[in-house]
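Q: I am new to this structure and would like to learn how to read it. Could you show it to me before we begin?

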Amino acid sequence: MSTHSHKLAARQQMAFSTVHTEQPILAQGHATEVLEALKSLLVEVLDVALCARHARWNVRGPHCLPLHDLLEEVGETLDRQADRIARRIGALGGTAHGTAHHIATRSSIKPYPVEVTEGQDHLEAVALRLGLLSAEARLSIYDAKRRGDPVTIKVIVEANAMIDHVLWLVESHRRATH
């Protein structure tokens, strides 16, 4: 084997061993803090996704069908973002908790008003929760930046962009159906 071949083999071995490590790349204290921020965000995303699902199942009124479709999109979008956040938690060596009990006991978002049935009231309730969720995501971005975790920053920024997008859709429907 030539010297070049040995160097190439050594690089491949080193790349393989560093790519498949189970240790988080961040310093232990920083990884713990980033994980806590991600876990908190995951709970909030799942809570709002469940609120959107509840609203979709229970919306009534003259704009029921388009609101049903809108609320389905909100829930599906939030579910996709929850999956991405949960995968990042796993990549950092944490456990993503998504049980109903965990969400109910850890969410900081006020419980959804289950007596609501009219479309406008559901839109208002969902918009409020999406706005709070967007603010939580922005705080999580700030935390990840302070801890020097560019991958987590990217995951949260993309989640926040989708949260803001569905918030815009909900707000647009609120104005259109008044």
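Q: What percentage of the 178 residues in the protein do buried residues make up?
A: This is a predicted model, and every value below is computed from it. Buried residues make up 39% of the 178 residues in the protein. A residue is called buried when its relative accessible area is under 20%.

Q: How many helices and how many strands does the secondary structure come to?
A: The count is six helices and zero strands. Read from the N terminus, the order of elements is α-α-α-α-α-α.

Q: What share of the contacts with a separation of 6 or more comes from residues 24 or more positions apart?
A: Such pairs account for 80% of those contacts.

Q: How does one describe two packed helices?
A: Two packed helices are described by the angle between their axes and the distance between the axes. Take helix α3 (residues 64-91) and helix α6 (residues 150-176): their axes come within 10 Å and cross at roughly 170°. An angle over 145 degrees counts as roughly antiparallel, and α3 and α6 are therefore roughly antiparallel to each other.

Q: Which residues make the contact between α3 and α6?
A: On the α3 side they are Leu67, Leu70, Glu73, Val74, Thr77, Leu78, Gln81, Arg84, Ile85 and Arg88. On the α6 side they are Val151, Thr152, Val155, Glu158, Ala159, Met162, Ile163, His165, Val166, Leu169, Val170 and His173. By class, the contact of α3 with α6 has 13 nonpolar, five polar and four charged residues.

Q: At what angle do α3 and helix α5 (residues 119-147) pack?
A: The angle is about 20°, and the axes of α3 and α5 are 11 Å apart. Angles under 35 degrees count as roughly parallel, so α3 and α5 are roughly parallel to each other. The crossing in which α3 passes α5 is left-handed. Leu67, Leu70, Leu71, Val74 and Leu78 of α3 make this contact with Gly119, Leu123, Val126, Leu130 and Leu133 of α5. The residues of the contact of α3 with α5 comprise nine nonpolar, one polar and no charged.

Q: How do α5 and α6 lie relative to each other, roughly parallel or roughly antiparallel?
A: The axes of α5 and α6 come within 9 Å, crossing at roughly 160°. That angle makes α5 roughly antiparallel to α6. Here too the handedness can be stated: α5 passes α6 in a left-handed crossing. The contact of α5 with α6 holds 15 nonpolar, seven polar and six charged residues.

Q: Which residues of the largest nonpolar core touch the most other members?
A: The core has 44 residues, and those with the most contacts to other members are Val74, Leu78, Ile85, Val126, Leu130 and Val170. At least two residues of this core come from each of α2 (28-58), α3, α5 and α6. The largest share, 13 residues, is supplied by α2.

Q: Which residues is Ile85 in contact with, leaving aside neighbours within four places in sequence?
A: Ile85 is in contact with Leu38, Leu41, Leu42, Val45, Val155 and Ala159.

Q: Is Gly75 buried or exposed?
A: Gly75, found in helix α3, has a relative accessible area of 5% and is therefore buried. Apart from residues up to four places away in sequence, Gly75 touches Ala49 and Ala52. Gly75 and Val48 are 27 residues apart in sequence, but their C-alpha atoms are 7.9 Å apart in space.

Q: And is Arg87 buried or exposed?
A: Arg87 is also found in helix α3. The cut-off for exposed is over 50%, and Arg87 counts as exposed because its relative accessibility is 56%. From Arg87 to Val155 the separation is 68 residues in sequence and 9.8 Å in space, C-alpha to C-alpha.

Q: Where is Thr95 found?
A: Thr95 is in the loop between α3 and α4 (100-106). With 46% relative accessibility, Thr95 counts as partly exposed. Not counting residues up to four places away in sequence, Thr95 touches Lys39 and Ile89. Thr95 and Leu35 are 60 residues apart in sequence, with 8.9 Å between them in space, C-alpha to C-alpha.

Definitions and conventions: Residues are numbered from 1 along each chain as its sequence is written. This is a predicted model: local features need pLDDT of at least 70, side-chain atom pairs count only at pLDDT 80 or more; totals for chains, interfaces and linings use all residues. Side-chain values use heavy atoms; hydrogens and water are left out. Axes are lines fitted to C-alpha atoms, for helices over the stretch in contact, and angles run from 0 to 180 degrees between N-to-C directions. Helices (H or I, at least four residues) and strands (E, at least two) are DSSP runs, numbered from the N terminus. Angles under 35 degrees count as roughly parallel, over 145 as roughly antiparallel, 65 to 115 as roughly perpendicular and the rest as oblique. Contact means heavy atoms within 4.5 Å. Ala, Val, Leu, Ile, Met, Phe, Trp, Tyr, Cys and Pro count as nonpolar, Asp, Glu, Lys and Arg as charged, and the others, Gly among them, as polar. A crossing is left-handed if the near helix is turned anticlockwise from the far one by less than a right angle, and right-handed if clockwise. Buried means under 20% relative accessible area, exposed over 50%, partly exposed in between (1.4 Å probe, protein chains only). A nonpolar core is a set of buried Ala, Val, Leu, Ile, Met, Phe, Trp, Tyr and Cys residues joined through side-chain atoms within 4.5 Å.
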